[in-house]
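Q: I'd like to learn how to read the packing inside a protein model. Could you walk me through one?

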Amino acid sequence: MSLTADVNPFSIVTAKLRNLFTKYPEWRTWGLSLLAWAFLLYGLFNMPGEASHAGRSIYCLPGGGASLQAHGANGAAAEGTFAGILKTVFDGLKQWNIMVIAMMFPLLNEPIRHVTFSVRRKDRTRGILGFLLGYVTVWMAVGLLFMLLPLFIDMLVGKQNQLITALIKASGFLLAAALTWQPARLVKMTKCAQTMPIRINAPQLYTDTIMYGLKMGAACFNMCWAPMVALMLAHHNFFLMWEVTLVLLCERYILPHTSRLPGYAWGIIAFALYSIEMWG
Amino acid sequence: MKERKNVYQLPAGDKTLEWYAKAVLEMKKRPTTDPTSWNYQAAMHGFYAPSPFWQGSAPLPSAADQARFWNQCQHGSWYFLPWHRMYLAYFEQIVGATIVALGGPADWALPYWNYSETTPHARDMPPAFVSPAAPTNGLWMAGRASNSIPARYVTLGALNTIPYTGDGRTSPLGFGGPESVFSHGGSPHGQLESLPHDMVHVAIGGAMGDPRTAGLDPIFWLHHANIDRLWQVWLNMGAHRVNPVKKAWLDFKFEFHDKNRPPVVMTSKDVLDTRTVLTGYTYQGVPAGAPVVAHAMAAAKVANVAEGIQLNERVDASTTLDVVAATNKPNVLSSAKTLAHLDLPGAPRTRLMNFAAFTKEALVPSKPAMSILHFEHITGKGVPPIHDVYINTVENDGNKEAHYAGSLSFFGVEESSVANVHQSGSGQHYALDVTALMDSLKSLPNWNAQRLDISIEPSKPMDANTSVTIGRISLYSE
C-alpha cells in the first residue's frame, strides 16, 4: 500500500483502520466472542430458563438426571424418548459451544496470528475457520463428557444437603487454585502458544489448520480444564463465567507467565461460592 | 562515569583483563547458590543441568529461585537488547565489587570486543582469552570450537535496518527484534541478534554455542558489550532509528541481583541512556545518550508528517507482507548441502502492480518489493554449524557469492525444540531480507519466475550428535 500525505483524512483513517485489522487478525475471534456474550446477555434478560445459562442445560443443573427427562422441546415433548435425549444433548452442546466461544476465543490471539500470517492473504479467513473448526471440535468432545459430570455427581452424592452443595460448588475452583502451584502448569501454559508449520496449498492448507486447531484445543483444555469443571460444578451463570473469563484473560495477556495470582483468584471465587451457598 | 573500552585498544600495561581474570576465578570459587557467583550469573542467561559445562555446579538454588531468576535471557524478542543491557550492568557491578575486594581499582569497566573492525586480528579472540590454555587462566574456556570468526559472520548490515521492531511477516524485519511477551526464544530473531550476535556465539562454539551455557565463557560478556555498543551506534545513526515507545516495552519488569545479592527490578525505560544505567557508562568512541522517550515519539511523528504514510508504516513497522511461496515438507539438514524449492505464483508483485498503480507514484520506477525468506519451526539437537543460504546457484558458475542470501546460526536450537517453562518448543525462526538479492537475480538470464531454488550449506561438517530440521521455508513479499 502506498499513500501520499495529500490523501484526504478519511482515506488516511480508513487506511489506518485497514492496517489495524490486518495486523491484528484476532479481531475476528474477539468479535465472535462478543457476539456470544451478547447472546448470553440477551438470554439473561429475555429468555430466563432458555438462553441464559443458569437453569438451562443439563450439565448446569443439580439433579441433572431428573432434568434430562424434562429437557425436551418446550420442556415437554419427547419426554424420555431417544429423540428427546438427542435434543437435550444437542441443546446442551449448543450452549456449551456458545460458552466456549465466549470464554475461550479471546485467548487465541497467538494461534490466530500464526495461522493468519502463515497462509496467503486470500486464504486467511479459510485458514482461521479451519483452525477454529479443529479447536471447537476438541471442546465439543470435552463438552459431551462434561455433560455427564452433574449426572455422575448426582448419582454419587444423591440428594444434596446445603453443606455438600456448597462444597461441590467450591471444590472445582479450589482444585483450579491448587493446580496453579503444580510445577507442570508453566509448561502447559507455554504450550498454549505453540505453533506448527502450515502448508499454503489446498488441501494441506485445510488439514494443517484443522490439525493445528485440534492441537491447540487439546493444549487449551489441558491448561483450562480445571476452571471449566469448576464452572460446571458451580452451576455456572453469566456473572461467574464473566469472572472466570477475566481471570483467564489476565493470566494469558497481562500477568507474567510465572505469576500465581490466578490461583489466589480461583481461591477467592471458591470461598465466595461456598459463603453464598451457606449463608446466602 | 565508566568507559567501556575496545579490548584491542587497551593501552600497554593496562590491567583491565588481568583484573577480570582474577575476578572470574574468585567468582568461580563461590557456590552456585550465591547470586554473585560465576555459575549463578551464567545461569541467569541459561542453565541446563545435563550439559557437561555445568558438571560440578551443585548444590543449586531452590527450584523456585531457578524458575524466577534463571533461564531469563530474551531472544527473538524486542527485549533482547534491553534485557542484555541490564544483565551486563549488574554483572559488571558484581565483577567490579569483586575486583575492589581483591584490592583492585574501583573504576573497572567491562571491555568490548569489536570483531567487525577491519584491523588485522580483530576477528581473533583477544589473546588473553586463549593463552595460557589452562584453568588457572580465568579467561580461558575449554571446548571452544574456534578462536577466530569468519568475516562473513561479523558484518554490520543490521545497522541499516530502520525500524527497531519487526518480524518480517506483519512488518519489515526489525533491528531489535519482534514485538513479544517474555520470550526465551521462538520468534524471529532481530537483525542485530541474527548477525553478528548469533553468528559469533556459534562460530566460537563450545559453551558459547548454546544459550544455556554461553554465560560460562568469559568472552560472552565482551561479545555482549559489543552488541550493547552497537545498539547505541545504531541510535546515533539517526534517520528515524528510535527505540520503541510502547509501554509494553518500556515498562516490562525483569529481575536481577545486584552486588549485595538482593533481587532488583529493572525495565527497558531504565536503560535507554547508558549514562544513567546504575553508575553509568559510555563506550569508547561512541557518543552516549539515547533519545528520551518523548524525543523518540516526536521523531517518529515528524517522520510521519514529512514523508507520508509509506514511511510512517516503516517507522511504525506496520507494513504487512504476504506469503507467496512455502515448502510442502520439512527439510532435514546434513553435512551435504540441502536443496529446497519454492514454487512462485508467477512474477513477484511490485509496487507498480499494487495500490500505487493508481497514484502518480506509479509513473516513476519504484523500488523492488520487499522479500523476506523465512526459516520456520527449526528444531534440532546439539550445536549445529552455521549454514549459509544461497538462492538459485548454478554449479561451477564461479560467482557463487552473488547468490549468497545470508546465514543461519541455529543458536539455541536444542532448547527451542522442547517445551519448557519459558518457551513453547515450537522451534526457532530466522528471517533473511533477500530484497536486493532477488532484484539482482531477476536480471540474470537463468531467472525463473516460477521457481526459487534454495541451497543450504553447512560451514563445516555436522557432528553425529547434532541435527537440524527446518519445518517450513517460505518467502514473504509486499
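A: Buried means under 20% relative accessible area with a 1.4 Å probe, counting protein chains only. This is a predicted model, where local features need pLDDT of at least 70, side-chain atom pairs count only at pLDDT 80 or more, and totals for chains, interfaces and linings use all residues. Side-chain values use heavy atoms, without hydrogens or water, and residues are numbered from 1 along each chain, with chains lettered from A as written.

Q: Which residues have the most contacts inside the largest nonpolar core?

A: In general, nonpolar side chains of soluble globular proteins tend to be buried together. Here the largest core has 115 residues, and B:Tyr20, B:Leu373, B:Phe375 and B:Ile454 have the most contacts inside it. Helix H4 of chain B (residues 80-101) gives this core its largest share, 12 residues; helices are DSSP runs of H or I, at least four residues, numbered from the N terminus.

Q: What does B:Phe375 touch?

A: A contact means heavy atoms within 4.5 Å. Leaving out residues up to four places away in sequence, B:Phe375 touches, among others, B:Val389, B:Leu408, B:Tyr430 and B:Ile454.

Q: How much of chain B is buried?

A: Of its 478 residues, 59% are buried.

Q: And how many residues of helix H5 in chain A are buried?

A: Eight of the 10 in residues 109-118, so that helix is mostly covered. Among them are A:Pro111, A:Ile112 and A:Phe117.

Conventions
Core = buried A, V, L, I, M, F, W, Y, C linked by side-chain atoms within 4.5 Å. Buried < 20%, exposed > 50% of the residue type's maximum accessible area, 1.4 Å probe, protein only. Helix = DSSP H or I, 4+ residues; strand = E, 2+ residues; numbered from the N terminus.
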